[in-house]
Amino acid sequence: MTVMSYLGAIGAAQREAMEADPRVVIIGEDVEANVYGTTGGSGKSRKDKGDFLEMFGTNRIRNTPISEEVIVGAAIGAAMTGLRPIVDLSYSSFLYMAMDQFVNQAAKNRYMFGGQASIPVVFRSAMFYGLNTGAHHSDRPYPMFMNVPGLKIVVPASPSDAKGLLRTAIDTDDPVLTFEACMLWGAKEEVPDEEYRIPFGAARTVRSGGDVTIVAISSAVPEAVKAAESLAEQGISVEIIDPRTLVPLDVETIIRSVQRTGRLVVADPAHRTCGAAAEISAIVAQEAFDSLRAPIIRVTTPDTQIPFSPALERQLYPNRATIADAVTRVVGEKVTVANADGSNRYISHHAPR
Amino acid sequence: MELPADTLLEMQRRMLRIRRFDERASRMVKRGQIPGTVHTSIGQEAQVVGACMALGDQDYMSGNHRSHGHPIGKGSPLGPLMAELVGKSGGVCGGKGGSLHLADFNVGSLGESGIVGSSIPIAVGAGLASKTLDNGRVALAFFGDGAANQGCLYEGMNIAGVWKLPVIFLCENNQYALSTPAHTVTSGVIADRAAGFGMPGVRVENGQDVLAVYDATKAAVDRARNGGGPSLVEVVTYRFNEHSEGLRIGTDYRDQDERANWLARDPIVLFREKLIADGVAKADEMDAMEAEVLEEVEEAVRFTDASPFPDPSVAFKDLYTEPIGARP
């Protein structure tokens with residue numbers, strides 16, 4: 001085991017995959033210079049951990065022009081003809097520039113062509129929300145892509161999950177989109193040194209409990225953990241489930257948990273309408289209706305754009321206070337949990353629905 | 001370029017296949033035997049076949065909505081193509097693609113696209129794989145004069161140029177994007193745009209001459225295969241039919257004299273005359289070839305008729321390489 005950051009774990013998975021299979025290539029903007037820290041060692045230890053460009057050469061580490069449509073399309077075409085590309089799209093908001101290629105080529109080619117194509121390609125992108133980057137860099141667009149059958153959607157919330165899920169993504173013969181929250185980049189934990197793969201469609205039970213189930217996504221996972229710790233002091237026992245992959249979704253684990261707890265809160269940093277939280281809520285309402293003892297509550301980012309000012313942005317995403325508030329509402333008890341900065345905002349109550 | 005007689009005859013045979021296949025498909029659309037519509041390559045056979053035959057069997061291509069000619073030109077058998085147009089289980093895509101989305105990976109056909117320009121990056125990617133794996137294959141992207149104004153073409157030309165990928169950008173300039181004359185929406189000459197990306201750009205003015213198309217494309221293919229990088233080839237041609245079969249447009253957007261002049265330059269008639277004049281084949285041999293192709297198309301229809309429609313469960317197959325998703 002080695003203590004790794006979220007980014008370091010991604011770099012480790014990429015390095016292992018590059019070493020294991022010469023068909024794996026990395027293409028994207030600024031990957032040669034390791035600007036985002038996943039194509040070589042980071043900071044002062046860059047050389048210690050191996051520089052990808054030196055290790056694998058320009059044939060397999062390719063800097064691209066700023067041309068998302070052809071980056072994505074060419075990666076699809078290359079995957080259809082023998083490569084296994086990892087595409088680093090840097091910001092998740094840049095995916096929209098290539099929407100046609102994601103929706104009309106990546107997702108549809110295997111299906112339309114009757115199974116002739118397999119498309120083993122991974123599209124990595126980082127969600128820079130919560131970092132005062134303004135509306136063009138703060139998107140959490142994974143629900144849009146959940147709505148496109150044919151894509152697999154991965155949302156790692158911890159370093160060890162980031163490594164194991166990325167390795168599975170690279171080994172998968174279908175197009176995979178991984179959405180990495182920058183708020184988690186610095187998270188550190190012990191990560192296995194050996195190669196390992198985490199299967200898609202297998203949720204992680206982050207914490208066991210009996211009163212309420214929280215399904216938490218991406219950066220909402222550590223916030224849900226903080227909320228659960230405070231609630232435990234008040235005698236409320238919370239179970240936290242991180243689906244880890246939204247397509248495929250581990251419905252069984254979620255349903256089993258709700259059948260025990262009878263209550264569900266879904267914490268999801270994406271927008272509310274037609275989001276991951278909405279889909280999970282609908283599935284549970286349909287399949288575990290008899291078990292529910294309270295309405296399902298979604299804690300999401302309200303349906304507004306992301307403002308620049310920290311004073312405006314900070315309140316918008318699910319945090320320990322808003323998650324804990326939702327829990328107290330489903331259990332019918334009034335307990336207040338403050339955020340780290342002492343704030344206690346319940347924006348999701350007041351946001352336009 | 002001097003070509004052996006059997007290659008010349010194969011060119012004519014493939015052009016005939018496209019013509020007779022598309023004529024049959026057109027009739028089937030009008031009789032309701034093909035659901036939806038089709039876009040025929042009638043009139044553009046020289047442009048299609050000249051380009052396809054400049055490729056090797058292992059080479060890749062991607063195409064567009066005017067879709068039947070490309071796989072036929074690359075050597076795909078007619079039966080599964082016709083069955084696909086009707087939506088039968090014996091279709092080349094099992095009935096899930098249809099006319100707009102034909103693909104036959106056995107002949108390097110990576111797929112036709114219903115989105116104008118969308119398949120250009122796919123061919124660029126095939127070129128990237130060929131270069132990275134050093135397997136000697138080249139990739140050709142077919143696109144029309146309409147797609148020549150899509151941004152993905154220029155992103156593709158730039159990246160193929162800077163990476164020196166073995167890609168041929170082949171513009172099928174039939175001069176109309178549906179009803180819109182290309183010159184009214186296209187600034188400058190399409191072939192000239194290659195210069196901006198540091199690659200050769202040639203314009204084949206007589207796209208009804210299969211050998212002219214072949215020569216220009218072959219030069220680009222040879223260059224790509226030898227590590228010289230991408231090229232742009234613009235072929236000027238004309239579609240004889242309407243944009244799509246059964247389409248009725250109130251306005252007469254094509255000049256009657258212009259249309260008559262192009263109809264008089266039928267690529268199949270012209271090449272037949274040349275083959276006979278050059279002593280490659282006699283008239284009765286050409287007649288026999290035409291009869292054989294007609295029979296081949298009828299056989300494709302019989303294949304289609306004999307093929308059952310797919311089981312409804314097929315709608316839920318092939319989305320992923322493993323069974324996931326599609327909850328009731």
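User: Which residues in α4(A) meet α6(B), and which ones do they meet there?

Analyst: On the α4(A) side they are A:Glu69, A:Val70, A:Gly73 and A:Ala74. In α6(B) the partners are B:Gly151, B:Cys152, B:Glu155, B:Gly156 and B:Ile159. Contact means C-beta atoms, placed from the backbone, within 7 Å. Helices are DSSP runs (H or I, at least four residues), numbered from the N terminus. This is a predicted model, where local features need pLDDT of at least 70, side-chain atom pairs count only at pLDDT 80 or more, and totals for chains, interfaces and linings use all residues. Residues are numbered from 1 along each chain as its sequence is written, and chains are lettered from A and ligands numbered from 1 in the order in which they are written.

User: At what angle do the axes of α4(A) and α6(B) cross?

Analyst: At roughly 70 degrees, and the axes come within 8 Å. The axes are lines fitted to C-alpha atoms over the stretch in contact, with angles from 0 to 180 degrees between N-to-C directions. The two helices are therefore roughly perpendicular to each other, a label for angles of 65 to 115 degrees.

User: Back to α4(A). How many of its residues are buried?

Analyst: 13 of its 13 residues are buried, meaning 20 or more other C-beta atoms lie within 10 Å of the residue's own. From first C-alpha to last, α4(A) reaches 18 Å, close to the 18 Å expected (1.5 Å times one less than its number of residues). Just after this helix, A:Gly82 has a positive phi of about 120 degrees.

User: How many residues are in the largest nonpolar core?

Analyst: It has 198 residues. Such a core is a set of buried Ala, Val, Leu, Ile, Met, Phe, Trp, Tyr and Cys residues joined through C-beta atoms within 7 Å. The largest share of this core, nine residues, comes from α4 (68–80) of chain A. B:Leu140 is among the residues with the most contacts inside the core.

User: What does B:Leu140 touch?

Analyst: Leaving out residues up to four places away in sequence, B:Leu140 touches B:Ala51, B:Leu55, B:Asp59, B:Met61, B:Ala123, B:Ile168 and B:Leu170.

User: New topic: how many residues of each chain are in contact with the other?

Analyst: 35 residues of chain B are in contact with 37 of chain A. On the chain B side, α5 (120–133) and α6 are the elements giving two or more residues. α5(B) gives the most, with 10 residues.

Key. Buried ≥ 20, exposed ≤ 12 C-beta atoms within 10 Å, placed from the backbone. Contact = placed C-beta atoms within 7 Å. Parallel < 35°, antiparallel > 145°, perpendicular 65-115°, else oblique.
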